[in-house]
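This briefing describes the fold of one protein chain, for use beside the sequence and the coordinates. Please keep both in view while reading.

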Amino acid sequence: MAGEYERQWPPRRRKKQTMPKWKRMLRKYWPPIRFGLLLLALAGMVCLVILLAVNLSKRPAGDDRLETQLPTTTEAGPDETQVMAMAQQLVEEADFIAAGYDYQKAITMLQEFAYYDQVPQLAEKVTEYQELDSQLVPYAEMQNITHVFFHSLIVDTDRAFDKEYTNAGYNQYMTTIDEFVKMMEQMYNRGFVLVSPYQVAYEVTDAAGTRFTYGEIRLPAGKKPFIMSQDDVNYYGYMIGETEGVGDTPAFPDVTGDGFAHKIVIGEDGYPTCEYMDADGNITTGDYDLVPVLETFIREHPDFAYRGARAVLGMTGYEGVFGYRTKPSYEAALGSAAYQKEIEEAKKVAQCLRDHGWILASHSYGHPRYGDLPPEKVRTDSDKWENTVQPVIGDCDVILYPNGSDIAGIGQYTFDNEKFAILYEDGYRYFFNVDSHVYWSQLGTNYYRGGRRNLDGYRMYHNPNKLEDLFEVSKIFDSARPTPVPKI
Ligand SMILES: [Zn+2]
């Protein structure tokens, strides 16, 4: 090494004489020093990469909202205060998951924390969750799970009940936000817990073949699962503005609207919320329909939703979905750019809803009574849905029959029923009609079917006794409703 150096950099005598000793030494040994420094730097970088990779792989799994933010990794790593702060945030998130009875997920979240061993409280939490988990019991009556449903919730009762021609319909088929919240409070206090139909029954394949089976829902003793759905999550022209879109002319919200939200949007916090125009024409965003109202309720009562379950939302196609004017024939009236924007926004809302546990369902394309239609008309309607709504909201396997009109009586569906064959081929596996019984459900070999109870003005006014298992109607019925609620 030294010889090489001599050959490459022969020191000149004159300089050698004038150069200070330290400088000469540095010059002489610079190449090996430089080589050493380079090696050190390389080693440092390798360590950094390894540290980063290890930390990333130890991040807890879960949705965005729950992901713990680890501070930017440095070679030193977070100090004790930072670790404690991260652990505290993680526990808050795990507590929310645990409150929804998913103790295993909560335990995994804590155990996968990179600094789990440094925070003894985490192990105590794990023990607590294990204890609570051991107290859960599988719900025994899976065939007796009640299913309730709503239409768009009324925000402004003054406007909803001020017009002759819509008064009756809103009074009969709709529920006010105030009523909905009171219903949820009473149901919560009675031990009801929201579950998803996918948790109730699903397809399995094993040695015995492929078939539908009941799932296992594990709840504390005394709690009762229920399913919820909402029909016509479309914000139709007739509800949101007097300019009720005719033919291929879409309607947009204006001050003549009947006091309902007019679209679902994504809130600043990433949660789905609603846009609403008040009587003065001001547009605000907030809890103006079932989706955001229920999200807020669950945030305040996380034990009201089983393992992230939300309601089923049914959409028709003849005006668009979630308040977006996505019907293809609107393109001409809106112009291509504006129409594409409606589609893109509706797609984002659909994804946001799914990400938060909502199930998107068909409510048919044109809202016909499937029970009364000949099979070829069911096929036409289902195809229209598939061609116009599915590209916007994605595949779905749930259908909420319009007008509750089922394609068959209470016997099992078979492929001899042409309408069933059509809907099955189109991908549907969950079928829901309307039925006033507390529960009616049917587990087929290749589907799940159930009845749904309308919790609206009509049912509350005319058959409060049929709702006794859920709540006390007298404490819910909105005094702003005109009475009597007209007979249907
Ligand atoms: Zn409907």
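A residue is termed buried if 20 or more other C-beta atoms lie within 10 Å of its own, exposed if 12 or fewer do, and partly exposed in between, with C-beta atoms placed from the backbone. The structure is a predicted model, in which local features need pLDDT of at least 70 and side-chain atom pairs count only at pLDDT 80 or more, while totals for chains, interfaces and linings use all residues. Residues are numbered from 1 along each chain as its sequence is written.

**Overall composition**

- The chain contains 18 helices and 19 strands; these are DSSP runs numbered from the N terminus, with helices (H or I) of at least four residues and strands (E) of at least two.
- Of its 488 residues, 37% count as buried.
- Among contacts between residues at least 6 apart in sequence, 65% join residues at least 24 apart, a contact being two residues whose C-beta atoms, placed from the backbone, lie within 7 Å.

**Helix H15**

- The residues Val378, Asp381, Ser382 and Trp385 of H15 are buried.
- These residues lie on the same side of H15, because they cover an arc of only 95 degrees around the axis; the arc is that of the directions from the helix axis to the C-beta atoms.
- Exposed residues Glu376 and Asn387 are carried on the face of H15 turned away from its buried side.
- The cover over the buried residues of H15 includes strand E14 (359-362), helix H16 (390-393) and helix H17 (418-425).

**Strand E9 and its partners**

- Strand E9 (residues 224-230) is largely enclosed by the rest of the structure, because 5 of its 7 residues are buried.
- Strand E2 (residues 146-150) pairs with E9 in the parallel sense over 5 bridges, where pairing requires at least two bridges found by DSSP; histidine 147 stands opposite isoleucine 227 in E9.
- Strand E5 (residues 192-194) runs parallel to E9 and is joined to it by 3 bridges, with valine 193 opposite proline 225 in E9.
- Strand E13 (residues 312-315) is also parallel to E9, through 2 bridges, and its leucine 313 stands opposite glutamine 230.

**Leucine 470**

- Leucine 470 lies in the segment after helix H18 (457-462) and is buried, with 20 other C-beta atoms within 10 Å.
- Leucine 470 and arginine 190 are separated by 280 residues in sequence, yet their C-alpha atoms are 7.6 Å apart in space.
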